[in-house]
Structure formats: C-alpha cells, structure tokens
Amino acid sequence: MCSLSSSKRTRYSKSDYLNADVNRAIRAVIHGLNGPITVNGKKYNSAMTSQGLNDQQVADVLTYVYSSWGNNKTKVTPAMVKAQRGKK
C-alpha cells in the first residue's frame, strides 16, 4: 500500500494537471519535470527528477495514481510508456 503525506495526496486528488494529458504524465515520470506548473489552481515551481523506471514500472505507478484519489481511472500500459520514451 502506498503511503503519501496528506499534502501529496491533496496534490494528486482529482488532479486537473494529471487527468488532462496522460502522455504528459508519462513523460514527466520518464524524463522528470522542471519549472512552474499549476495543479487544481495552485502554482508549483519545483523539480521532479527522472525516476529511472522501466516501462512496466511507469505503467504500474501511473495506473495506481490514476485509479486513486478521485482521478479519472486511466489504465497506463507499457506500450503507452514506450511510445513516449523518445519524446520530451
């Protein structure tokens, strides 16, 4: 079971940023993310490093996040992750 702090859970809960673009979410996990973003009306300016996960692991993590906290239940597959590997 994943145990996230209350503040992180809130960031992922019904996340408009996450739910709007699954390919962007995949690329963020693969390549990392740097700079300002807005999530559910709140601005963040930070960095997330690349997670160094294989396609199956990225798919599993994102499918879990999408199926939790009121998100849109998107099922991410290893094929979807592989298609984003060469994109920024």
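This report describes the fold of one protein chain in a predicted model, starting with the whole chain and ending with single residues.

## Basis of the model

The model is predicted, so local features need pLDDT of at least 70 and side-chain atom pairs count only at pLDDT 80 or more, while totals for chains, interfaces and linings use all residues. Residues are numbered from 1 along each chain as its sequence is written, and side-chain values use heavy atoms, with hydrogens and water left out.

## The chain as a whole

The protein chain has five helices and two strands. Helices (H or I, at least four residues) and strands (E, at least two) are DSSP runs, numbered from the N terminus. In sequence order the pattern is α-α-α-β-β-α-α.

Of the 88 residues in the protein chain, 30% are buried. Buried means under 20% relative accessible area, exposed means over 50%, and partly exposed lies in between (1.4 Å probe, protein chains only). The accessible surface of the protein chain is about 5,700 Å², and carbon and sulfur atoms hold 53% of that area. Such areas come from the Shrake-Rupley method with a 1.4 Å probe; for residues, only the protein chains shown count as cover.

Contact means heavy atoms within 4.5 Å. Among contacts in the protein chain with a separation of 6 or more, 55% join residues 24 or more positions apart.

## Helix H3 and its cover

How many of the 10 residues of H3 are buried? Seven are, so H3 is largely enclosed by the rest of the structure. These buried residues are Val22, Ala25, Ile26, Arg27, Ala28, Val29 and Ile30. Their cover includes helix H2 (16-20), E1, E2, H4 and H5.

Part of the cover from H5 can be followed through one residue. Glutamine 84 is found in helix H5 (residues 78-84). This glutamine 84 is buried, because its relative accessibility is 4%. Apart from neighbours within four places in sequence, glutamine 84 is in contact with Asn23, Ile26, Arg27, Ile30 and His31.

## How H3 packs on H4

Two packed helices are described by the angle between their axes and the distance between the axes. For helix H3 (residues 22-31) and helix H4 (residues 55-66), the axes come within 11 Å and cross at roughly 130°. Axes are lines fitted to C-alpha atoms, for helices over the stretch in contact, and angles run from 0 to 180 degrees between N-to-C directions.

H3 and H4 are therefore oblique to each other. Angles under 35 degrees count as roughly parallel, over 145 as roughly antiparallel, 65 to 115 as roughly perpendicular and the rest as oblique. At this contact, Val22, Ala25, Ile26 and Val29 in H3 meet Val58, Leu62 and Tyr66 in H4. By class, the contact of H3 with H4 has seven nonpolar, no polar and no charged residues. Ala, Val, Leu, Ile, Met, Phe, Trp, Tyr, Cys and Pro count as nonpolar, Asp, Glu, Lys and Arg as charged, and the others, Gly among them, as polar.

## Residues in the two strands

Isoleucine 37 is placed in strand E1. Tyrosine 17 is 20 residues away from isoleucine 37 along the chain, and their C-alpha atoms are separated by 8.2 Å. With neighbours within four places in sequence left aside, isoleucine 37 is in contact with Tyr17, Lys42, Lys43 and Tyr44.

Strand E2 holds asparagine 45 and alanine 47. Asparagine 45 is exposed, at 63% relative accessibility, and alanine 47 is exposed at 56% relative accessible area. From C-alpha to C-alpha, glycine 35 is 5.1 Å from asparagine 45 and 6.4 Å from alanine 47. Beyond neighbours within four places in sequence, asparagine 45 is in contact with Gly35 and Pro36, and alanine 47 with Leu33 and Asn34.

## Positive phi in two loops

Asparagine 40 lies in the loop between strand E1 (33-39) and strand E2 (42-48). Its phi is positive, about 50°, although asparagine 40 is not a glycine. Asparagine 40 is partly exposed, with a relative accessible area of 38%.

Lysine 73 belongs to the loop between H4 and H5. Phi of lysine 73 is near 65°, a positive value in a residue other than glycine. With a relative accessible area of 58%, lysine 73 is exposed.
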